[in-house]
Amino acid sequence: MACMSVLTRDEAQNRAQLLDVHRYTVELDLTTGDETFASRTLIRFTARTDADTFVEVKPHELRSVTLDGEPLDTGTLDGDRLPLKNLTAGEHELRVDAVMRYSRTGEGMHRFTDPTDGETYVYTQLFMDDVQRVFAAFDQPDLKSVFDLTVKAPEGWTVLANGITEHTGDGVWKAATTPRISTYLVAVAAGPWHSVRTEHRGLPFGIHCRRSLAPYLDADADELLDVTRACFDRYHEKFEEPYPFDSYDQAFVPEFNAGAMENPGLVTFRDEFVYRSAVTDTERQTRAMVIAHEMAHMWFGDLVTLKWWDDIWLNESFAEYMGYQTLTEATRFTDTWTDFGVARKAWGYDADQRPSTHPVAPEAVEDTASALLNFDGISYAKGASALRQLVTWLGEKDFLAGINTHFARHKFGNATLADFIDSLSAATERDVHAWADAWLRTTGVDTLTASVAAVPGTWTLTLDRDGSRPHRVTVGVYDRDLGDGRTLTLRERYETDVPHDAAPEPRPGTRPALVVPNDLDLTYAKIRFDETSLETALRGLSGIPDAVTRAVVWNSLRDMVRDGELAPADYLATACAHLPEETDLALVAGVLAFASAHIADRYLKQEERPAALTALTSLCRDIIRRTEDGDNPGLRLIAVRHFIDAAAHPDTIAAWLADGTVPGGPELDPELRWRVLARLAVLGATDESAIAAELDRDPSATGQEGAARCRAALPDADAKARAWDAMFHSDDLSNYLFTATAQGFWQPEQADLVRPYVARYYKDAVKLAARRGPAIAEATGRWAFPAHAVDAEHLKLGEKCLRKADPTPALRRKLVDQLDDLSRALRVREG
């Protein structure tokens with residue numbers, strides 16, 4: 001088959017000037033076999049002038065095409081483009097009859113058979129250019145249309161779609177006609193779903209999952225629906241435009257590549273959000289945030305859609321900001337910004353310091369392949385941070401007024417950054433255009449460095465900025481509690497601008513023990529403390545009263561390690577000193593994750609790693625001991641997980657597995673059992689028979705993934721060879737099984753065993769990415785990369801690959817990022 005084309009910005013602009021697309025009538029037949037399905041499409045459109053153009057389709061077999069009743073030569077299909085020659089001005093009807101192939105990579109129409117009960121499910125993920133894998137389309141976001149969809153499905157299946165669906169008999173389901181939406185937002189999910197349905201404000205609401213997960217969905221149904229209703233109501237308080245679709249379904253689907261997808265009326269989520277095992281309240285909060293995020297898209301992304309992919313941030317940054325903010329306002333999850341600070345913001349800071357960084361709103365994204373790379377920590381976390389700073393600067397009242405103006409001007413249409421800024425400008429006297437230029441058109445992270453001068457009776461804070469953006473920050477001023485000397489008390493908070501027009505004014509009182517710029521984390525910048533404050537932070541971090549402030553401090557320490565300004569061992573010592581006193585679950589999880597995956601596994605030298613693992617297991621044992629009374633099961637669960645992952649000796653965790661419980665709890669549920677077995681595999685303390693026995697105990701999809709992860713982790717040459725062959729020389733693994741195998745393969749403890757594979761990785765990864773497409777390419781660069789191999793020879797191999805091997809754009813982007821992280825790790829080690 002010829003190579004697929006990428007749509008360029010110029011091509012999209014030219015086609016948008018030529019065409020008005022009125023209606024798609026799509027008929028899908030899912031009863032034709034396990035490998036393919038039938039797709040028939042009728043597109044009614046108008047050409048404004050006489051011209052040539054093309055329609056996109058990626059068929060397994062192109063049966064026939066007619067334009068205004070006249071057959072077209074199917075042999076003219078070039079990759080994914082079918083030429084439409086000599087179009088005349090006026091109305092046209094294009095009919096395309098094709099056979100499409102199901103996907104196992106989460107792209108297009110993904111097909112999954114549940115190993116628990118043998119039931120099969122299919123769902124679409126049509127983002128960017130994957131609608132062409134399901135039906136023919138003029139595939140660009142600004143050629144919106146209405147859609148009529150009919151699906152024939154096997155007996156016993158339910159079909160979900162963007163609108164309310166009706167079973168008309170003989171397995172045929174018809175969906176209500178959509179409003180005008182973009183092609184990438186069309187959605188279908190079909191199978192023997194387990195559903196929980198209700199109504200809210202006159203609209204049908206539903207949550208759906210595969211049948212084998214029914215007990216777990218039912219257990220959380222009230223929580224899921226309560227969050228959905230609360231966010232729905234809060235958005236209607238914020239937005240003047242009502243929810244624009246006829247229903248709201250949320251389907252938890254298997255082997256989903258993203259967290260979720262904002263299809264109008266049918267949001268699809270990865271079904272790991274249907275929890276089979278114990279989770280922390282922070283993980284429940286994350287799920288709730290994703291619900292809030294995707295619902296925000298119904299307005300920003302679906303009702304008003306970007307015109308072209310350079311404005312991805314208009315979708316994602318807005319939904320990210322609004323998801324966290326609305327969850328805080330409308331639900332029991334009132335501390336979401338702490339989790340954002342410690343988890344999401346770190347993602348943005350890291351992405352923004354790599355060579356692949358880009359502005360939140362790039363000047364131009366030339367094609368769809370380039371656009372796909374920008375769904376990253378910048379478009380989500382940095383963009384959301386920028387919007388939070390904008391609200392701080394602008395005021396929420398004016399911000400929401402501008403948003404509502406934007407909806408009114410562009411509903412059911414498309415908009416650009418310029419349109420959005422014009423809408424905001426209509427609501428304020430402030431210069432939003434200048435703000436946008438400074439915040440959205442630039443790259444990199446500003447650094448705010450504090451210095452404190454004191455004389456008797458007064459002290460003065462100076463904030464120096466390394467960067468170019470204006471910041472409005474809240475400064476937190478803390479004193480030591482004279483009672484215990486460890487607790488810190490808030491003296492005052494005050495707002496200031498950086499840069500400041502005038503010299504900073506002295507403030508009354510003695511020199512504070514701790515001064516925290518960006519105390520409420522309202523801006524996006526790295527923070528450097530004055531010398532006294534840094535000493536106080538290292539000694540007294542757990543004594544800071546507010547979790548958000550502690551997140552700001554932990555992020556600063558994290559950045560200092562990455563920048564070579566704080567020794568990795570000092571960060572680990574700080575974690576060991578303060579985490580036993582920490583009560584915020586997001587902070588404990590975030591700090592432990594950085595301490596293990598970065599400090600122990602990468603930043604410390606190989607000979608220092610055993611001591612680091614000992615420190616981590618001792619820390620986790622301390623937390624486990626402190627939670628024996630059962631008052632904080634989430635904190636205990638985090639500590640148990642990390643104790644397992646850091647265990648250098650098998651005895652304790654092997655005893656837990658044999659007993660089926662941690663002494664004093666928790667009992668080992670499927671997630672913990674697989675986690676223990678994976679660590680035992682790394683340590684060479686289990687074998688294939690034990691893995692097979694555990695799979696018999698848990699034959700679910702996650703059990704299959706657990707077994708793949710364990711088998712790849714075995715310290716055995718034959719096991720490594722089998723895993724490598726499955727990943728790189730066979731295309732049988734689904735996206736999830738590929739990821740699980742990759743997660744098990746590379747282990748720091750097995751560096752000598754897997755050393756020959758480091759060089760093989762680059763050659764085989766390039767071939768695999770070209771063969772299997774962007775989703776597997778992304779997984780190859782993310783999960784199958786030999787991150788444990790922190791040495792100069794590895795860096796040279798990777799740089800040579802980038803120079804000479806021509807990896808696909810998706811793989812190249814991941815390799816650029818990974819190699820930059822590797823180079824940073826080498827600098828930290830040498831530091």
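# Close-up views of a predicted model

**View 1. Helices H21 and H23 are roughly parallel to each other.** The term covers angles under 35 degrees, whereas those over 145 count as roughly antiparallel, 65 to 115 as roughly perpendicular and the rest as oblique. H21 (residues 717-728) and H23 (residues 751-772) pack at an angle of about 15°, their axes being 10 Å apart. Axes are lines fitted to C-alpha atoms, for helices over the stretch in contact, and angles run from 0 to 180 degrees between N-to-C directions. From H21, the contact (heavy atoms within 4.5 Å) involves Ala717, Lys720, Ala721, Trp724, Met727 and Phe728. H23 contributes residues including Leu753, Tyr757, Arg760, Asp764 and Leu768. By class, this contact of H21 with H23 has eleven nonpolar, no polar and four charged residues. Here Ala, Val, Leu, Ile, Met, Phe, Trp, Tyr, Cys and Pro count as nonpolar, Asp, Glu, Lys and Arg as charged, and the others, Gly among them, as polar.

The model is predicted: local features need pLDDT of at least 70, side-chain atom pairs count only at pLDDT 80 or more, and totals for chains, interfaces and linings use all residues. Residues are numbered from 1 along each chain as its sequence is written, and side-chain values use heavy atoms, with hydrogens and water left out.

**View 2. H23 is roughly antiparallel to H26, as their axes cross at roughly 150°.** The axes of H23 and H26 (residues 809-830) come within 11 Å. Tyr761, Tyr762, Ala765, Val766 and Ala769 of H23 meet Leu811, Leu815 and Leu819 of H26. This contact has eight nonpolar, no polar and no charged residues. Helices (H or I, at least four residues) and strands (E, at least two) are DSSP runs, numbered from the N terminus.

**View 3. Phe135 belongs to the largest nonpolar core, which has 124 residues.** Such a core is a set of buried Ala, Val, Leu, Ile, Met, Phe, Trp, Tyr and Cys residues joined through side-chain atoms within 4.5 Å. Phe45, Phe135, Phe138, Phe399 and Leu440 touch the most other members. Beyond residues up to four places away in sequence, Phe135 touches Tyr24, Val26, Ser39, Thr41, Glu56, Met100, Leu126, Phe147 and Val186. A second, separate core of 122 residues includes Ala712, Val754, Ala789 and Val828.

**View 4. Thr574 is buried in helix H13 (residues 568-578).** Its relative accessibility is 6%; buried means under 20% relative accessible area, exposed over 50%, and partly exposed in between (1.4 Å probe, protein chains only). Apart from neighbours within four places in sequence, Thr574 is in contact with Leu538, Leu541, Trp554 and Leu557. Thr574 and Arg539 are 35 residues apart in sequence and 7.7 Å apart in space, C-alpha to C-alpha.

**View 5. Strand S25 (residues 488-498) holds Thr496, and a cis peptide bond joins Val498 to Pro499.** Thr496 is buried at 14% relative accessible area. Omega of the Val498 to Pro499 bond is near 0°, and Pro499 lies in the loop between S25 and S26 (507-508).

**View 6. Asp170 has a positive phi of about 55° although it is not a glycine.** Asp170 is in the loop between S12 (165-169) and S13 (172-175) and is exposed, with a relative accessible area of 75%. Most residues other than glycine have a negative phi.
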